[in-house]
Amino acid sequence: MARVRPAGFIVLDGGGADYRPIRQPVAALVVPLAVVAAVTATRIVGISLREARRRRRRAGVRKPRGPAFACSECGPEAQAEAIKRC
């Protein structure tokens, strides 16, 4: 059986009858909370994608690191000896 909720009620007083709707504060909060959640999720995803692109770009720019003490005067043998000592 379907649930039925009343939309309001009638108040009877000495001057006549007055209809009063039943307000549901939860329903009034759902839309603003959904908007805030959507904006927050969009920002998080956008920042994450931007950071991933930045990391990918930086990884492609890096050069392979060679010995920091290599110079044009030393031959490959001298550099190999220096690497063994370290």
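R43, R50, R53, R56 and R57 together make a positive surface patch. Patches take residues with over 30% relative accessible area and no salt bridge, joining like charges within 9 Å and nonpolar side chains (Val, Leu, Ile, Met, Phe, Trp, Tyr) within 5 Å. Lys and Arg count as positive, Asp and Glu as negative, with His and the chain ends not counted; the charge is placed at NZ of Lys, CZ of Arg, CG of Asp or CD of Glu.

This is a predicted model, where local features need pLDDT of at least 70, side-chain atom pairs count only at pLDDT 80 or more, and totals for chains, interfaces and linings use all residues. Residues are numbered from 1 along each chain as its sequence is written, and side-chain values use heavy atoms, leaving out hydrogens and water.

**The positive patch**
- R43 sits in helix α1, residues 25–61 (helices are DSSP runs of H or I with at least four residues, strands are E runs of at least two, numbered from the N terminus).
- R43 is exposed, at 53% relative accessible area (buried is under 20%, exposed over 50%, partly exposed in between, with a 1.4 Å probe and protein chains only).

**Salt bridges**
- The count is 3 salt bridges, each being a side-chain nitrogen of Lys or Arg within 4 Å of a carboxyl oxygen of Asp or Glu.
- E51 meets R54 at 2.4 Å, N to O, and E51 also bridges R55, with the closest N and O atoms 3.7 Å apart.
- That links E51, R54 and R55 in a network.
- Within α1, E51 and R54 are 3 residues apart, about one turn of the helix; E51 and R55 are 4 residues apart, also about one turn.
- R55 is exposed at 55%, while E51 is partly exposed at 27% and R54 is partly exposed at 34%.
- D18 and R20 form a salt bridge at 3.5 Å, N to O; D18 is partly exposed at 38%, as is R20 at 41%.

**The hairpin and its nonpolar patch**
- Strand β1 (residues 8–13) pairs with β2 in the antiparallel sense over 6 bridges (pairing takes at least two DSSP bridges).
- The two strands form a hairpin with 2 residues between them, and L12 has A17 in β2 as its bridge partner.
- I10, L12 and Y19 make a nonpolar surface patch of about 380 Å² (areas by Shrake-Rupley with a 1.4 Å probe; for residues, only the protein chains shown count as cover).
- Y19 belongs to β2, residues 16–21, and is partly exposed at 47%.
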